[in-house]
Amino acid sequence: MSESGDLPLSGVRVLELGNYIAAPTAGRLLADFGAEVIKVERPGTGDELRNWRLFGGSTSMLYRTINRNKKSVTIDLRTDEGRQDVVRLASQCDVVLENFRPGTLERWGIGPDRLSADNPDLIIVRISAFGQTGPMSDLPGFAAVAEAYGGLRELVGEPDRAPSRVGVSIGDSIAGLYAGYGAVMALFQRDRKRPDSLPLESRIIDVALNESIFSVMESLVPDYLAFGVTRVRTGGRMEGIAPSNAYPCRDGSSIVIAGNGDGIFARYMTAIGRPDLAADPGLASNADRWRRRDELDAAISAWTELHDRDEALEVLKAAGVPAGPIYTAADICEDPQYLARNMIQYFDVDTGDDAPKRVGFPGIVPVIGDRSLDVRSMGPDLGEHNDEVFESLLRREPQCEES
């Protein structure tokens, strides 16, 4: 099932007016499963992501990854002609994705009313920092700010230091997941409703970055309102769950061990030579173990520091204790599980050298069948599909490029 015509979203056309990560992530999800995603970029410079973490060449591997399986066209939305092109393209699409600051499309005269005037079935997915309504809706904001507003930053890092951040743009990615899900949900509702059309308000999917983060914060607010509990940073631990942490090994690597289940705990302590802790009635429940977490982590670290990573993992595996290595990129590239499921896929790409380089990229999630679908193409060169899209959908020559 590698040809786009065989995929679940084949026949769906998406117009992506997105920059950076959030909306392009939603577009990637739709493109991965067969949608034709036409990405509109600024002439001359394109999506700013092309230059993020650019270590060589003219287009970053980050852009190539986030914008795989898409088509790139250059349209200048600052011009009347460019905005008219967007309206015409939207009239031939099923979904429009955008992540401009709220009110921007309306100021340009291409808000939802105008985009759907010629296409009453159009789904419009809007991603912004704080949503399209409410007192903060007109404020700008990247995912870093949304992660703070959503409650995530307060819980990341060590308790005696300032809040930290995870190593990826998690807020943008989570919002992109919700946006992709919202688009498919709206398409499903639209198709069930036919031949009638959904009202415009039912065809606008409003995704806020801060709400996307808040939605994955589990019982943060209910715990506070019910019990007055304010969660705090716990480093590598998880509040109320023990023992579960990262532990150093003799060879300088670290492993994660999640031995917090009541049944697992006894096997875990026996495996590391501490049957006394396994039999201790004061460690029978998670709540008990959390109160003695420092003692438990010290005992576990004393054991892991006597073993190399692979040796420690073999002992834990034999005892049925969930554990794993903390992988680097190099580890992932060599892992047989990832390889067996086609989760590293190789393409020849321009890295700024004299010849293209063979580079591995992440596979497609979720898996259909027993391994990842094939990635059909990497993120395109700027304006790579101008001729195709302008001739087939706009019936005219592309706009001239500007630098």
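Predicted model: local features only at pLDDT ≥ 70, side-chain atom pairs only at ≥ 80, totals over all residues.
Residues are numbered from 1 along each chain as its sequence is written, and side-chain values use heavy atoms, with hydrogens and water left out.

**Overall form**

The C-alpha trace spans about 80 × 55 × 40 Å along its principal axes. Of the 403 residues in the protein chain, 47% count as buried. Buried here means under 20% relative accessible area, exposed means over 50%, and partly exposed lies in between, with a 1.4 Å probe and protein chains only. Among contacts with a separation of 6 or more, 69% are between residues 24 or more positions apart; a contact means heavy atoms within 4.5 Å.

**The two pockets**

Rolling a probe the size of a water molecule over the atoms shows where empty space is left. A pocket is found on a 1 Å grid over the protein atoms alone: it is an open set of points where a 1.4 Å probe fits, with protein on both sides within 12 Å along at least five of seven lines, and its lining residues have an atom within 4 Å of a point. Grid points are joined across faces, edges and corners, and the volume is the space filled by probe spheres set on the points. In the table, Ala, Val, Leu, Ile, Met, Phe, Trp, Tyr, Cys and Pro count as nonpolar, Asp, Glu, Lys and Arg as charged, and the others, Gly among them, as polar.

| Pocket | Volume | Lining residues | Classes in the lining |
|---|---|---|---|
| Largest pocket | about 1000 Å³ | 30 residues | 20 nonpolar, six polar, four charged |
| Second largest pocket | about 790 Å³ | 37 residues | 20 nonpolar, seven polar, 10 charged |

In the largest pocket, the residues nearest the centre are Arg 28, Thr 65, Val 168, Phe 361 and Pro 362. At least two lining residues come from each of helix H1 (22-32), helix H2 (61-66), helix H7 (170-193), helix H15 (329-334) and strand S11 (357-362). Thr 65 belongs to helix H2 and is buried, with a relative accessible area of 16%. Leaving aside neighbours within four places in sequence, Thr 65 is in contact with Arg 28, Phe 361 and Pro 362.

Asn 19, Tyr 20, Asn 99, Phe 100 and Phe 142 lie nearest the centre of the second largest pocket. Two or more residues of its lining come from each of strand S2 (36-41), strand S5 (123-128) and helix H6 (143-149). S2 gives the largest share, three residues.

**Strand S1 and its partners**

Four of the five residues of strand S1 (residues 13-17) are buried, so S1 is largely enclosed by the rest of the structure. Two strands pair if DSSP finds at least two bridges between them. S1 runs parallel to S2 and is joined to it by four bridges, with Glu 36 in S2 as the bridge partner of Arg 13. S1 also pairs in the parallel sense with strand S4 (residues 95-98), over four bridges; here Glu 16 stands opposite Leu 97.

Together, S1, H1 and S2 make a right-handed β-α-β unit. Right-handed means that, with the strands pointing away from the viewer, the path from the first strand over the helix to the second runs clockwise.

**Backbone and loop details**

Most residues other than glycine have a negative phi, and most peptide bonds are trans. Tyr 20, in the loop between S1 and H1, has a positive phi near 70 degrees. Arg 395 also has a positive phi, about 55 degrees; Arg 395 is in the segment after helix H17 (386-394) and is exposed, with a relative accessible area of 63%.

A cis peptide bond joins Arg 194 and Pro 195, with omega about 15 degrees, and Pro 195 is in the loop between H7 and strand S6 (204-208). Another cis peptide bond joins Ala 242 and Pro 243, with omega about -10 degrees. Pro 243 is in the loop between helix H9 (220-227) and strand S7 (244-248).

Arg 153 is in the loop between H6 and H7. At 17% relative accessibility, Arg 153 counts as buried. Not counting residues up to four places away in sequence, Arg 153 touches Ala 144, Glu 147, Ala 148, Pro 163, Ser 164, Arg 165 and Arg 233.
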